[in-house]
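The sequence and the model are shown first.

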Amino acid sequence: MRGSLLKYTLPLIIIGVAAFQFYQVYYHQLSRWKGGGFGMYSEVHPLWRQVWIISDDSTFQVKKQPKLYAAAYRLKMKPDYKNTHAFAVIAANQFHKDNITIQVWEPHLDITTNRLSRKQIQEVKYAK
């Protein structure tokens, strides 16, 4: 009895973890590199994603700003609405802006034309 329990329990746990990973990737935009890394070689690493801050008077990419770096890292790993909105609040407060737009872009390789471009995966407009 104990042997059959182990024989079936371990595969069920692995299948459950994989199913949860797929759910998070397709419905909550979790990077395939996180949560088990089942698809880590099927997409570019999330740190290659770009976070852009757009306001009325400026547009710039978030690179190594110390106060924004931790929030940008979290946003790159899981660019869902919740994390993008939280990042927008932090950025608006840091730069003293009332209206701000946050965009998250990732590299995209078109294998039919061998062209590298980028595609927008998230955008949030924030107003105080």
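Is Asn 114 buried or exposed? Asn 114 is exposed, because its relative accessible area is 64%, where exposed means over 50%, buried under 20% and partly exposed in between, with a 1.4 Å probe and protein chains only.

## Basis of the description

The model is predicted: local features need pLDDT of at least 70, side-chain atom pairs count only at pLDDT 80 or more, and totals for chains, interfaces and linings use all residues. Residues are numbered from 1 along each chain as its sequence is written, and side-chain values use heavy atoms, with hydrogens and water left out.

Helices (H or I, at least four residues) and strands (E, at least two) are DSSP runs, numbered from the N terminus.

## Loop residues with positive phi

Asn 114 is in the loop between E3 and E4. Although not a glycine, Asn 114 has a positive phi of about 55 degrees.

His 96 is in the loop between H3 and E3 and follows H3. His 96, which is not a glycine, also has a positive phi, of about 55 degrees. The relative accessible area of His 96 is 70%, so this residue is exposed.

## Helix H3

Helix H3 comprises 15 residues, 81-95. Its end C-alpha atoms are 21 Å apart, which agrees with the 21 Å that it should span at 1.5 Å a residue; the expected span is 1.5 Å times one less than the number of residues.

The buried residues of H3 are Asn 83, Thr 84, Phe 87, Ala 88, Ala 91 and Ala 92. They lie on the same side of H3, because they cover an arc of only 165 degrees around the axis, the arc being that of the directions from the helix axis to the C-beta atoms. Their cover includes strand E1 (50-54), helix H2 (66-77), strand E3 (99-110) and strand E4 (115-127); contact means heavy atoms within 4.5 Å.

## Helix H2 and its packing on H3

H2 has 12 residues and reaches 18 Å from its first C-alpha to its last, close to the 16 Å expected at 1.5 Å a residue. In H2, Leu 68, Ala 71, Ala 72, Leu 75, Lys 76 and Met 77 are buried, and the buried residues of this helix pack against E1, H3 and E3.

The axes of H2 and H3 are 9 Å apart, and the two helices pack at an angle of about 165 degrees. Axes are lines fitted to C-alpha atoms, for helices over the stretch in contact, and angles run from 0 to 180 degrees between N-to-C directions. H2 and H3 are therefore roughly antiparallel to each other (angles over 145 degrees count as roughly antiparallel, under 35 as roughly parallel, 65 to 115 as roughly perpendicular and the rest as oblique). The contact is made by residues including Lys 67, Leu 68 and Ala 71 of H2 and Phe 87, Ile 90 and Phe 95 of H3.

## Two further residues

Ile 54 is in strand E1 and is partly exposed, with a relative accessible area of 23%. Leaving aside neighbours within four places in sequence, Ile 54 is in contact with Thr 59, Ile 100, Thr 101 and Gln 103. Ile 54 and Thr 112 are 58 residues apart in sequence and 32 Å apart in space, C-alpha to C-alpha.

Gln 24 belongs to helix H1 (residues 2-28). Gln 24 is buried, as its relative accessible area is 12%. Not counting residues up to four places away in sequence, Gln 24 touches Gln 29, Leu 30 and Lys 78.
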